[in-house]
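Below is a short report on one protein model.

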Amino acid sequence: MLRGLSVEILGRTGTGRTRLLNSLETELTSAGIQVIPIAGLPATATQPLRALRFAGLDGAASRERDPITRVVTHLTQAATARPSVISIDDADLLDDDSWNVIASVHAKTNVPLAITRRAGFDAETRSLNAITAACISIRLRSLSFESTTELLLDHLEGGEADLDLLTRIYRKSGGIPSLAISIAEAAMLSGAMTRTGTVWRATADLWHDSLAGAVERLISELPSTHRDIVEAIATLGVVDLDDATAMFGHEHLEQLEAADAITVVTSDDRMSVLAHPPLVTEWAQHSEHSIRRHRVATTAAERLPDYPEPESRHGPSTHSSASAAMISLVLRDIDARRATARSEYEQTQAFDSGVRYLDDLIQNPDPALDIDALLGELALLATTPTQLAHLRVREVIWEGTTAAPGTQRSSSSTSEFPGYQEMIGSLTLIAEIDAHGVPPDIEKRLDAIRHPAQVEAGWADLAEAHVRLVQGRMRTAADIVERIAAAPGTRLEALAQVTHAWATATHGEFAATLTLALERIDVNLSALKLWEVREYTRLAAACALTLGEYDLGQSIVDAVLTLGPPAIGQERSHVGILAYGAVFGALNGRITLAHALIDEAERWNLPCGPIPGSSVSAAHALLQSLTADRRLAVDTMSQAVRELLDHGYVLAAVDTGIIGGLLLGKPAVPPGIARHMHDMDDTWREALLVYATALEANDGDRIEAGIEMLTETGRLGAAQYGLTELLRIRRSEGDEEGAHRAQQLLGDVIRRRRETDAAGVRWSYIAQYQITANLTFREREIVRFVVEGSTSAVIAENLGISRRTVETHLTNIYQKLGVSNRWGLMNLPWVQEGELFRSAPGT
């Protein structure tokens, strides 16, 4: 704006557009620019040009007879007296005459404009459309979970909040800042949110009638037709996209999606539409049915007479990016599936239907339901040895998920259940290792669980693969898993796939495993398998941390944390995800968020686990290194590693010591951890240790050799840091050739990191600020070619136009973006990051 550019700020009510405009006005004033503020007030029959007159621009001193001419003269004089900017809040509300005045002054004086208006709809006046076509657009999106969490913690003025409360507020608000604060304040006033010590917790449903006003304000800015559509969708709960299109038409739905008033949720086989934020749906279900609401609901019922009620629907459960709508739908689907299974069992009282209900509860347990009592009921219904064996297997699985650390497993003999001895013995051994550590007689225990003629072969191999993985023999573990021929859809297949993925990743194939983990998260979220979702999230976070993809890792973790507290048996995975979230938060400078996640993890009071990243102490150490004493951080990390070694968790201990040491600026923490690498069947950790030692010693040659290893294995974050250090060392040595080589390598690594970010963009939250330019489609094509390095002749040949036409388009592009040449265009940050190529509203 200091260079003469105009800016429009687009967003829904509550996204902070007025606040951002006020901040912009403050910055301009401090830079010596005069701000001429105009509030968005509509004119009336008795008060034409009301907004301009309210701003003191009535032209009373002018001798012109025409009132519009007087106001034009007054505004022109104000804008040219000294460098100025015209600021217009809620520009949609201004009438045509007011916009004609502003457009006339803008054309005469080139005074920049800073305006705010609603997102997703074209301006209703021709003058406003003409002005915004040449504006830089700042699109305010909903906040991510992490940003919403920080906002709430700041609002609580130093208080803490448990994860259940934070996720419930985020899911209801959809990340709209003012709505999140309104929900919290309403909950505090109604007593649905109470404080125990320093921690705020939800004690009841967070809906309160006072929130109706906030929702109504949110949708009141929509045109009447679009309000009806949003209310209809909210009343129905979830609407298939094809049905919604038949009812409302593509054009209306596209406008509402662009305005963030609806969300399209995608599953493998269909797409559905929900109101956004989810609180709108809750408002439709709680608020009194007015005449208008009755009309909307009746019209929807007439157009789709056979449409089922929301409570009975089993809608899709995945979304292409993390969103509050997606999480709300997943949780609702889980409740619906559980209710269906329970109803079937209660009606039939049959063993088979009871087992199906039991399987659903074991997979996604509900603390309010008594699984032990259900096991007792089914034991009375079992009439054959096979049924008793199946029930015993599920009992062992349930014992393995619920037994507290230090609790011994059931001692009943597996010989009572021929054909199932390996399954029961293996699950018992794995649960014991995860709770207490690797027993001294592990090899004898592995031999003892092998039995011939099993109903499902492969369980003993799974137990052995788990042990080898924990011991740090990843390649051996992968080889063992690969010989398991599990039936599709079985628990053995799920456990074998998770074990193999961990073995592959920790053997060094982090990039490929990250891609696999993201795919498996989507698949299992669609199938409502939350245990698998959390396991693959922990794996994806480990890969992202090792690869240096901290933003992507934060997005993945946040997406799954919005599921809320874990079900019974998923606690350890959940705590591991919290620990990774704290590490990513600390590395991304979100210290408040990191502290909150560590506090939440520590409240679970779980001991260390055998999988890398399960140690809350290691995450705490990293946060200490950034905010407190580095020596204390090293001591905390060393204690965490020793605890892992005491449990026999060699892989977790070595990776915590090396990766954690690197993050703390040490070769390894504690130094003696290196001797435990000798029995591990890979070499990348030794190479990483040599590289870390070279960094500490400022040894440029060994750093350069280590960087080659890092780039080959995809550890681009560590490589980028090492190259900055290498560049510093070469320059201090006066080695210009070496500095040039380091600079080239640094550019290549940065480019590859951007490619990795692009590959994971579907798991990244939509940015709160999205900067675009209202370029035409052809202009965007040309910018894309320019960024790729194409000359005007090449662009003309590819697009089938003349070179002169290309140059004309470039001139218009430079004018719209406030740059003077290709160099200026390519150095705009949002062009470098690809933001320019996203479709802007109305283009």
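Does A453 count as buried or exposed? With 74% relative accessibility, A453 counts as exposed. Here buried means under 20% relative accessible area, exposed over 50%, and partly exposed in between, with a 1.4 Å probe and protein chains only.

## Model and confidence

This is a predicted model, in which local features need pLDDT of at least 70 and side-chain atom pairs count only at pLDDT 80 or more, while totals for chains, interfaces and linings use all residues. Residues are numbered from 1 along each chain as its sequence is written, and side-chain values use heavy atoms, leaving out hydrogens and water.

The mean pLDDT of the protein is 79. A pLDDT of 70 or more is reached by 81% of the residues. The term pLDDT is the predictor's confidence in each residue, from 0 to 100. Residues 309-322 stay under 50. The model still has 51 contacts for them beyond four places in sequence. Residues 832-843 are also below 50 in pLDDT. That stretch has 33 contacts beyond near neighbours in sequence.

## Overall make-up

The protein has 40 helices and 12 strands. Both are DSSP runs numbered from the N terminus: helices are H or I with at least four residues, strands are E with at least two. Of the 843 residues, 54% are buried.

Contact means heavy atoms within 4.5 Å. Among contacts with a separation of 6 or more, 70% join residues 24 or more positions apart.

## Two helix pairs

Two packed helices are described by the angle between their axes and the distance between the axes. Axes are lines fitted to C-alpha atoms, for helices over the stretch in contact, and angles run from 0 to 180 degrees between N-to-C directions.

Helix α21 (residues 459-470) and helix α22 (residues 474-482) have axes that come within 8 Å and cross at roughly 165°. That makes the pair roughly antiparallel. Angles under 35 degrees count as roughly parallel, over 145 as roughly antiparallel, 65 to 115 as roughly perpendicular and the rest as oblique. D461, E464, A465, R468 and L469 in α21 meet M474, T476, A477, I480 and V481 in α22. By class, this contact has six nonpolar, one polar and three charged residues. Nonpolar covers Ala, Val, Leu, Ile, Met, Phe, Trp, Tyr, Cys and Pro; charged covers Asp, Glu, Lys and Arg; the others, Gly among them, are polar.

The axes of α10 (residues 224-236) and α12 (residues 250-258) come within 11 Å and cross at roughly 85°. So α10 is roughly perpendicular to α12. T225, H226, I229, V230 and I233 in α10 meet H252, L253, Q255 and L256 in α12. This contact has five nonpolar, four polar and no charged residues.

## Buried sites

Helix α13 (residues 278-286) has seven of its nine residues buried, so it is largely enclosed by the rest of the structure. The buried ones are P278, L279, V280, T281, E282, W283 and A284.

I703 lies in helix α33 (residues 700-712). Its relative accessibility is 0%, so I703 counts as buried. Beyond four places in sequence, I703 is in contact with Y691, A694, L695, N698, G722, L726 and I729.

## Backbone exceptions

Most residues other than glycine have a negative phi, and most peptide bonds are trans. A cis peptide bond joins H276 and P277, with omega about 0°. P277 sits in the loop between β11 (271-275) and α13.

L49 has a positive phi near 50°. L49 is in the loop between β2 (34-39) and α2 (50-54), and counts as buried at 3% relative accessibility. A453 also has a positive phi, about 50°. A453 lies in the loop between α20 (442-448) and α21.
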